[in-house]
Amino acid sequence: MKKKLLAMVLVLLFHFLLAAASASPSPTVIVIGAGMSGISAAKTLHEAGIHDILILEATPKIGGRLKKTQFSGLTVELGANWLYGGGTVANPLLDMATKLKLRTSLNDFENITSNTYKQEGGLYPSKLVEAINKVATARNDFCSKLSERLSSKKKDVDVSILAAHRIYKQEPKTPLEMVIDYYYNDYQDAEPPKVTSLKHTYPRNEIVDHGDDAYFVADPRGFEILSQYLAKQFLSSLTSDPRLKLNKVVREIIYSSHGVTVKTEDGSTYNSRYVIVSVSLGVLQSGLIDFKPTLPLWKRIAISDFSMTIYTKIFLKFSYAFWPTGPGTEFFLYTHARRGYYPLWQHLENEYPGSNILFVTVTADESRRIEQLPDETIEAEIMEILKKLFGENVPKAESILVPRWGMDKFYKGSYSNWPDGYSQNRKDQLADPVGPVYFTGEHTNDKYIGYATGAYLAGSLSFSLSLSLIMCILLINW
C-alpha cells in the first residue's frame, strides 16, 4: 500500500513539474527530424504528458526515408518498401498498415532459381541454381549458429559474414555463387559480407521475429502514411500545427547544463531544455549540424565508425512488358563477373497490372558509382543488359527514375549497417545522450537497424529511458 501511495505521489509530482516546464516561453524539448523515429519520439513525449515540444524538419513534409514519388502516373517508394509479417512477434508497423488498409502485395521469391540469367544472356539451368542455393541456405544456417555461439562467449568476439563463409569452407567465388550470395546478404544489408558483422546480423531479427512474408507497399498514399498516422495522434495538423515547422534546416546545436539553442539555415533560433536528434547517421557523419561544444570523442568515434550505406531502386517505364510475366516471374537475377552489377530485378505487374514498369536494385559501391552518373549513362548500361537477356529489339525506356540518397544532404544514405569489429559497447554509445542532447533513429536500435520498424521502436521504446532521465533532472532542478 505504501509503495502504491509513493508511486502515485511521484506520478503527481512528475506531472506537476511537467506542467511547470510547459509554462515556459520556449519548448521543453525540440525534436530535430520528422522521420519515423522523430515522430515516434515526439508521440512518446506527448503521451508522457510533455506537450510543450517543437519538431523541426528540413524538408517540406514529414516521413523522412518513408518517401514516395510519382512515376509514370503511379506511386512508387524511393525508400522503405516492404513490411514483414507471418512471424511469432507482431510487427507494429504491419498492424498499423492493416488498420489503415494500406495496399500491399505479398512478394513471392520462391521461383527465383528458375529466373537467374547468365552475363551474356540465357537462363542458367534451374537445377544448377537450386544446388547453389541449397549450399547458400546451409551456409546461412551455419552463420546463424556461429553467431549464437560467439554471442554466448563472455568476451566480445565477432567476425565478418565473409569470414564465417570461409570458416564454413564455402566462400562464394563464381559469378553465379556471388549473385545468390548477394540475394541473401547485400540485398538485405546493402553492404557486402566482407564488411558486415556476423554476430549482429545473423540471425536476421526482422525475419525471425516478424516473419518472412514480404509485403510490398503499393498504395497511392505511400508508406509515409504510417508516420502521418502517428503524427495525427498528437498534432492538430501536419501543416499548420505550431509544434511542427517544415523546411527548417538545422545547422547548429549549442548545448550546456542550462539548456539548448538550435539555429537553422534561414537564421531562426530556438531555445529549449532538451533536444532529440533524430536525423540519419549519414547526416551526423556529414557534419551538416555543428555541435557546440564539439561532441565528446567517444560519441564522434561511435558515429564515424558505424556504416551508412545506400540502397538504390532504379525504375524504368516501357511501352510494353517484354520480360516474362505471370506466376513465379516477379523477380529475376542477373549474373555478372562484377559483384553487385545490376543484380536483382523486379517487375510491378503484380502491383500495377499493365504498368510496364521494371526496377533494378543496386547497393553500396555500385550505388555510389551510379549516383555520379547522368541518367542517360545509367539507362544505357541497363539497356545493354536487357538486350542481352531479352533480345536486341527491346523498346527504349520511356522514362527512368534514379534516386540519389547518398547525394541528398538531408539523408546521406539509405540506412545503417552494423560493420564487422564494431562492439556492442560502442553501438550503445550511438544512442547515449550528451548532456541535454539525446539521439534516436534506426541506427540506435539493436534488433532492427536498417528497418522502419527499428526507427519506430527507437523513438517509442528506447526513448522511455530518456524520459526517466528527464524526470530525474526535473526533480533535481525542482
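Let me start with Y187. Leaving out residues up to four places away in sequence, Y187 touches W82, F109, Y182, Y311, F331, L344, T361 and Y415; contact here means heavy atoms within 4.5 Å. Before going on, a word on the source: this is a predicted model, where local features need pLDDT of at least 70 and side-chain atom pairs count only at pLDDT 80 or more, while totals for chains, interfaces and linings use all residues. Residues are numbered from 1 along each chain as its sequence is written, and side-chain values use heavy atoms, with hydrogens and water left out.

Y187 also belongs to the largest nonpolar core, which has 75 residues; I55, I180, Y187 and L226 touch the most other members. A nonpolar core is a set of buried Ala, Val, Leu, Ile, Met, Phe, Trp, Tyr and Cys residues joined through side-chain atoms within 4.5 Å. Buried means under 20% relative accessible area, exposed over 50%, and partly exposed in between, with a 1.4 Å probe and protein chains only. Helix α6, residues 175-184, gives this core its largest share, six residues. Helices (H or I, at least four residues) and strands (E, at least two) are DSSP runs, numbered from the N terminus. There is a second, separate core of 31 residues, including Y255, V283, F291 and L295.

Now to T361, one of the contacts of Y187. T361 points one way from strand β19 together with I357, F359 and T363, while L358, V360 and V362 point the other way. In general, side chains in a regular strand alternate between the two faces of the sheet. How many residues of β19 are buried? Seven of its seven, over residues 357-363.

What pairs with β19? Strand β16, residues 311-317, runs antiparallel to β19 and is joined to it by seven bridges, with K317 opposite I357. Strand β18, residues 344-347, is also antiparallel to β19, with four bridges, and Q346 has F359 as its bridge partner. Two strands pair if DSSP finds at least two bridges between them.

Next, helix α11, residues 297-305. K299, A302 and I303 are buried there. The face turned away carries the exposed residues L297 and S304. Among the elements covering the buried residues of α11 are α10, α14 and β22.

Last, N91, in the loop between β5 and α3. N91 counts as buried because its relative accessibility is 3%.
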